[in-house]
Structures are given as structure tokens and as C-alpha cells.
Amino acid sequence: MTALVRLEGVEVRYGRSLALTATELDFAQGSFTSLLGPTGCGKSTLLNAVAGFVPPSSGRVLMDGVPVTGPGPDRGVVFQHYALLPWFTARGNVEFALKRFGLSRTERRARALEALAEVGLADAAEKHPAQLSGGMRQRVALARALAAQPRVLLMDEPFGALDAITRARMQRLLTRLWEHTRTTVVFVTHDVDEALALSQRVIVMAAGPGRVIADHRVGDGPKSDLHHRIVTQLDTE
Ligand SMILES: Nc1ncnc2c1ncn2[C@@H]1O[C@H](COP(=O)(O)OP(=O)(O)OP(=O)(O)O)[C@@H](O)[C@H]1O
Ligand SMILES: [Mg+2]
């Protein structure tokens, strides 16, 4: 498979502190990968470097061979806190996010409604965030990212603030969406079960300084062995 996203010696410093040591990684087109690790290990930093929010202090990120210099419509981002605009409806929030892509009003509306339907919110399109549950708000945030038809979906603990039942429901929704769109997904979590349930590949990171310590392929078989290995890796670092 071809690499859609490639990190070449990507190192990130914030001032004098090293948040991510030089990292080499490839993300194949159509793959679903989780970045797993304890707080402070650089998961968000890595994701934000791919998103183009954080410039590497050395190395580079390539999208389809082209260096990333900032955020772009080819990379959709979903955060833990959905950051919806309260004065817009669900549809308005998605449409607003599409504004910078030079689409016509009609096209924006069509794409917004399509994306909201994809996440099961067709009936809630005219509701405001305050009228929606946490899970529904996160689905609006997911629709907002999907509506731009990104080539890669970057998700930073998107379900971290949800209750267990809503979270399980969102995981199933995401799996369904991925199975039918095959958008490349990079998913940040600190939950081993979540990583194993969703992904084909789990990249384990450690802190002090942030770095990749393992790269696992998730097979179709029982996940308990891999779960145990990952927990051991997280424990010994
Ligand atoms: N904007 C920033 N300025 C300075 N230091 C930062 C900044 N963002 C992150 N850091 C530091 O860089 C390191 C990696 O942070 P990062 O947010 O990438 O970790 P994380 O794995 O996403 O953690 P969490 O699970 O808590 O979200 C940490 O030591 C953090 O304190
Ligand atoms: Mg983080």
C-alpha cells in the first residue's frame, strides 16, 4: 500500500522542551491507526504536526509526497471538545466550516446535510448545540470534518468526554463510516481497548521525551494477547 501520510524525522520542540523526538512513520492510504500512550507522550503533538497546526522543529510531514506547511482541506480534524458555534444550528456549524473551501452556498448546504445524515443526525440538522446531547454534538463535529471530504481524518481523543454507552455507540458509528468511506484515520486515545476495537494498527508512545516505542498490527484473531503486550509496554516505560 502507498503511504498517504509520511513523517520524516519529525521532531517537535516547544521552546526548549522536546515534546516529540525525531519520528519516522508512514500511514497507508485507507488505513485506521491509533496512537496510544500516557498523558504527555506527544500524541496530540504528532497529530497536530500532521494537521499543520504545529510546525516540526526538524524533519517534515508529507501528504502524498508534498510537504505540509499548514492546515488544509485534505486533513480533517476532530478534537475531544467539539468547539461548535452555539449560535449556529448543526447544519450551520458544518456549513460554516466549509466556507473557506470556496464552495457555493447550495453546495455547502448539500454537503452539510449529507454529512449530518452520514452520522445519523438528519433529523437534528436544525437544532442548536445546546439542544443536543454530548454524543450528538460530537457527531456534528465528525460531520463537520467529513463534509470537507478530507483524505485523512485526524481524531484527538474524540470520545474521551463521552459516557461509556455513548462512547461505544460512537465507536460503532466510526467503524461503519470508515468501512464505507475508507478514509485514512489517525486516532489518538489513551484507552487500550478503544485502540484495539477500532484500529488495524496501534502505535504505542511513551513520554519523557515523547516517542514511539512500538508499532503493532492488529489481526483478526483474539486481542487479549496484544492487549497484554501493550499494557506491559506502557507499564515498563
Ligand atoms: N503548546 C505547548 N507549549 C508548550 N509545551 C507543550 C505544548 N503542547 C504540549 N506541550 C508539552 O509537550 C508534551 C507533549 O504534549 P501532548 O499534548 O502532545 O501530549 P499528549 O500525549 O497529547 O497528552 P494527553 O494525553 O494529556 O493529551 C507535554 O510535555 C506537554 O506538556
Ligand atoms: Mg493530547
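**Ligand shell, pockets and backbone details**

A polar side-chain atom of Lys43 sits 2.7 Å from an oxygen atom of ligand 1. The structure is a predicted model, and this contact makes a handy starting point for a tour of the ligand site. Two further polar contacts involve oxygen atoms of ligand 1. In one, a polar backbone atom of Gly42 is 3.1 Å from an oxygen of the ligand; in the other, an N or O atom in the side chain of Glu157 lies 3.4 Å from a ligand oxygen. Of the 630 Å² of accessible area that ligand 1 has on its own, the protein covers 55%.

The shell around ligand 1 consists of Tyr14, Ala19, Pro38, Thr39, Gly40, Cys41, Gly42, Lys43, Ser44, Thr45 and Glu157. By class, four of these residues are nonpolar, five are polar and two are charged. Helix α1 (residues 43–51) makes the largest contribution to this shell, with three residues.

The largest pocket has a volume of about 400 Å³. Its lining is made up of 24 residues, and those nearest the centre are Val77, Ala97, Arg100, Arg144 and Ala145. Two or more lining residues come from each of β6 (75–78), α2 (90–98) and α4 (134–147). Strand β6 gives the largest share of the lining, namely four residues.

Trp178, Ser199, Gln200, Arg201 and Val218 are the closest to its centre among the 18 residues that line it. Helices α5 (164–181) and α6 (192–198) each provide at least two residues of this lining. The class make-up of the second largest pocket is seven nonpolar, six polar and five charged residues.

The peptide bond from Gly208 to Pro209 is cis, with omega near -10 degrees. Pro209 belongs to the loop between β9 (201–206) and β10 (211–217). The other point concerns Asp64, a residue other than glycine whose phi is positive, near 55 degrees. Asp64 is placed in the loop that joins β4 (58–63) and β5 (66–67).

Note on methods. Residues are numbered from 1 along each chain as its sequence is written. Chains are lettered from A and ligands numbered from 1 in the order in which they are written. This is a predicted model: local features need pLDDT of at least 70, side-chain atom pairs count only at pLDDT 80 or more; totals for chains, interfaces and linings use all residues. Side-chain values use heavy atoms; hydrogens and water are left out. On a 1 Å grid over the protein atoms alone, a cavity is a set of points where a 1.4 Å probe fits but cannot get out, and a pocket is an open set with protein on both sides within 12 Å along at least five of seven lines; lining residues have an atom within 4 Å of a point. Grid points are joined across faces, edges and corners, and a volume is the space filled by probe spheres set on the points. Ala, Val, Leu, Ile, Met, Phe, Trp, Tyr, Cys and Pro count as nonpolar, Asp, Glu, Lys and Arg as charged, and the others, Gly among them, as polar. A residue is near a molecule or strand if one of its heavy atoms lies within 4 Å of it. A polar contact is a pair of N or O atoms within 3.5 Å; within protein, one must be able to donate a hydrogen and the other to accept it, and residues adjacent in sequence count only if both atoms are side-chain atoms. Accessible areas come from the Shrake-Rupley method with a 1.4 Å probe; for residues, only the protein chains shown count as cover.
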